[in-house]
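Q: Please take a close look at one helix pair in this model and at the core around it. Keep it brisk.

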Amino acid sequence: MRTRIDMKKVVIVGGGYVGFEVAQELDAYADVTLIEQREAFVQPPATIRALLDPALLDQIILPYDHLLKNGSVVRGRAVSVSQSEVRLQDGTAYPADFIILATGSSYAAPFKPVGDSIAAFRKASSDVSAQLAMAKSVAIVGAGAVGTELAGEIAVAQPEKDITLISSDTALFPMYPAKLGAELKRKLERLGVSVVLGQRAQDLQRMDMPYAGSVTLTDGQVVAADLVFPVIGSKPNTSLVQTLPGVKSTPSGRVKTDKWMRPSTCPNVFIAGDIADVGDGMTIVAISRQNPWLIKTLKHALKGKPVEDLKPYSPWKKAPILVPLGPSIGNSWLFATVGDWVTRKMKGKELFIPKYRKAFGLTR
């Protein structure tokens, strides 16, 4: 019987949706080290509802203590990577046969932690929740999944508020069939949300967190608000992968890969998730396709099969998307536009919280 010493070493950087699942699935097949700068995983989609229900934070901040049965989770910040090791800020080096970089993306507070501190994330969420509770008017700039879901959550939980959702696009979710955006717009307006399309905010005071103020639109209209949420998109965290040789970035800030999700001349280093420009969007649904491929590929590679002989990664042609507007209503695109019942059952009611608590060894 093989011991841990006999097993090949896999080092994974980033304990988000890619990192934790791949680490867990490879735990029985390799000597796995997961390097993560925070002491706990935060489930980003549920951070939106937590602004309306602060008690939810205790359900969606998940410590890494019980994630792996055999391998180890190391808390630290990786600063460089080579073909043979990952090095941390404190100088510690972790040798590896295979390396996976899944460092994710940054987003405006309080939807993702900023920096290494979970305590700071809790405080940011609590502070914005208190500001939101006091606000009579809210402007949300950016109508992607976060902005649209935020508008719906606020409208359902605090219907007395004046909510404006602003998008520079002429339709909601224009990359999907028109019915999806039209249905979501109709339901938001029924909830009392003013949806402003085809207008760009000209004077955002800051991009990193909500603030009190007003927003001037392209046509000169001024939207005054007690609280302005800038939710204009994610920024890939690529500084670590940029330490590899031969890395090339795209205009979006993501990193190009070969057919097997390798970003450099190092044949044993893979990337996935938000930093990887492989044809998928920066969504959890995207990695629901990447993770199984990565796990299967690494299992074969651990047995000595050349990566080039394995099936290349194939991205979603158009990934499904789930857009709840609070716990009960919403619309989704699952290769066709579906409505409240499917969206509620698949995401809106529980936001995947029981699934991820179970994955982290938490039953209650």
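A: In this predicted model, the axes of α1 and α7 come within 10 Å and cross at roughly 35°. The crossing is right-handed. On the α1 side, the contact uses Tyr-17, Val-18, Glu-21, Val-22, Glu-25 and Leu-26. On the α7 side, these meet Ile-284, Ile-287, Asn-291, Leu-294, Ile-295, Leu-298, Lys-299 and Leu-302. By class, ten of the contact residues are nonpolar, one is polar and three are charged.

Now take α1 by itself. Seven of its ten residues are buried, so α1 is largely enclosed by the rest of the structure. The buried set is Tyr-17, Val-18, Gly-19, Phe-20, Val-22, Ala-23 and Leu-26. Tyr-17, Val-18, Val-22 and Leu-26 also belong to the contact with α7.

Next, the core. The largest nonpolar core has 56 residues, and Val-10, Leu-101 and Leu-294 have the most contacts inside it. Elements that each supply at least two of its residues include α1 (17-26), α7 (284-302), β1 (9-13) and β9 (98-101). The largest share, seven residues, comes from α7. In soluble globular proteins, nonpolar side chains tend to be buried together.

Leu-294 ties these points together. Beyond its neighbours within four places in sequence, Leu-294 is in contact with Val-18, Val-22, Ile-100, Phe-270 and Ala-272.

How values were computed:
Residues are numbered from 1 along each chain as its sequence is written. This is a predicted model: local features need pLDDT of at least 70, side-chain atom pairs count only at pLDDT 80 or more; totals for chains, interfaces and linings use all residues. Side-chain values use heavy atoms; hydrogens and water are left out. A nonpolar core is a set of buried Ala, Val, Leu, Ile, Met, Phe, Trp, Tyr and Cys residues joined through side-chain atoms within 4.5 Å. Buried means under 20% relative accessible area, exposed over 50%, partly exposed in between (1.4 Å probe, protein chains only). Helices (H or I, at least four residues) and strands (E, at least two) are DSSP runs, numbered from the N terminus. Contact means heavy atoms within 4.5 Å. Axes are lines fitted to C-alpha atoms, for helices over the stretch in contact, and angles run from 0 to 180 degrees between N-to-C directions. A crossing is left-handed if the near helix is turned anticlockwise from the far one by less than a right angle, and right-handed if clockwise. Ala, Val, Leu, Ile, Met, Phe, Trp, Tyr, Cys and Pro count as nonpolar, Asp, Glu, Lys and Arg as charged, and the others, Gly among them, as polar.
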